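Subject: Structure handover

Hi there,

Here is the structure I promised to pass on to you.

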Amino acid sequence: MSPIFTPCQIGPLELRNRTIRSAAFENMCKDNNPTEMLADYHTAVARGGIGMTTIAYAAVNKSGVSFDGQLYMREEVVPELKKLTDAIHNEGAKVSIQLGHCGNMTHWYTCGQMPVGASGGINIYSPTVVRALKKEEISVLVCDFGKAVKLAKKAGFDCVEIHAGHGYLISQFLSPYTNKRKDEFGGSLENRMKFMKMVMQEVMQAAGDDMAVVVKTNMYDGFKGGLTMEECLEIAKELEKTGAHALVLTAGFVSKAPMEILRGAMPLKTLAYYMNTLRFWWLKIGIRLMGRLIIPTVPYQEAYFLEPAKVFRKELKIPLIYVGGMIAKSKMEEVLNEGFVAFQLARPLIHDTDFINKIKTGEIEKSECKHSNYCIGRMYSIEMKCHHCVDKIPKKLQREVEEQEAMWA
């Protein structure tokens, strides 16, 4: 049997195989509440053979929300989330939820207040003024992470994934690019890791002995002035000490190096087409005029994070979960043979929720996803879907899809 389809252990949790649907944003919530669409999608992925599926980015409180289509954790959403987890469990899969806080990557009309971050400044992507978190607010926010974990457990989740990468709040404290604080939370890397360590202490206590905890963490930020690989390795070693059960190794920074995370080119016409014209008229203009300068292309290749991830594998004892460019069975097996406990993927499961079962039966050896990133272009405005699942795509967007697919053929 392929190693893909052997069971694996992540802390107290056993998965039926080594596949995990990564926490790629679905934008399938309404007014920050779970929906039937969200449940149906993840249940379909579970039915399609995944070992564990991950509900994408759920903010630990209202101030951490960056889109109306995101969850934020509170008692009122627990009953619907319990229905979702029950449905996934009935298909034989486990279910995780990614918890985090967007920090400065939001707007007052989305999060209901002036956005907060490790430091103050201006979020040019909204654009809006951001203020630095006060010390007393940091302690409250740490507690919110613990409360969110307890709510996730109550809702039937088997695992939580703490988002400490990609330029979200924990990452904003870690990165010298976004952390200009002069107190004990800024300056040296040791100081910049303090918030992360406080969060993890709270999370591990809330999770207890019967819930798995994984952390998504950067291997590098991907731009000058951000975290280097050497610094990120030190961060990973600190996360290992916290008792986390596994790390998901990633890279990139949403507000500075977004395509380092995703690879390929952002489909700018698709991105602009689905945006709310009244809310984002200025951003639509900016995309048309300077889109490729703001969001430059990063070449796509299979298993694009594997080489730096192997460096982390040599230095760490904690189980590591690989993510990035998992579309072919041969690469999946190569990753597992390099010592990774499991791997995450999303775009092949957006293209086809039965992808894992088809790999297992030998029906296919590789996803038919051609990396046009149409699903990424629309996910900031409406629900994430592959172009082949959408009726009547405008001709200009269809041409963009074809151009993108030809680029990476």
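The notes below go through the salt bridges.

Please keep in mind that this is a predicted model. Its salt bridges number 24, and I picked out a few of them for you.

Let me start with glutamate 91 and arginine 47, which form a salt bridge with 3.4 Å between the closest N and O atoms. Glutamate 91 sits in the loop between helix 2 (78–90) and strand 6 (94–100), and arginine 47 in helix 1 (residues 36–47), so this pair ties together parts that are 44 residues apart in sequence. Both partners are partly exposed: glutamate 91 has a relative accessible area of 28%, and arginine 47 has one of 46%.

Lysine 82 and aspartate 86 both belong to helix 2, where they are 4 residues apart, about one turn of the helix. Their side chains meet in a salt bridge at 2.7 Å, N to O. Lysine 82 is partly exposed at 33% relative accessibility, as is aspartate 86 at 32%.

Then there is lysine 237, whose side chain meets that of glutamate 315 in a salt bridge (3.7 Å, N to O). This pair links distant parts of the chain, with lysine 237 in helix 8 (residues 229–241) and glutamate 315 in helix 12 (residues 306–315), 78 residues apart. Lysine 237 counts as partly exposed at 25% relative accessibility, and so does glutamate 315 at 44%.

Finally, a network of salt bridges links Glu190, Lys197, Glu238 and Lys241.

Best wishes

How values were computed:
Residues numbered from 1 in each chain as written. Predicted model: local features only at pLDDT ≥ 70, side-chain atom pairs only at ≥ 80, totals over all residues. Heavy atoms only, no water. Salt bridge = Lys/Arg side-chain N within 4 Å of Asp/Glu carboxyl O. Helix = DSSP H or I, 4+ residues; strand = E, 2+ residues; numbered from the N terminus. Buried < 20%, exposed > 50% of the residue type's maximum accessible area, 1.4 Å probe, protein only.
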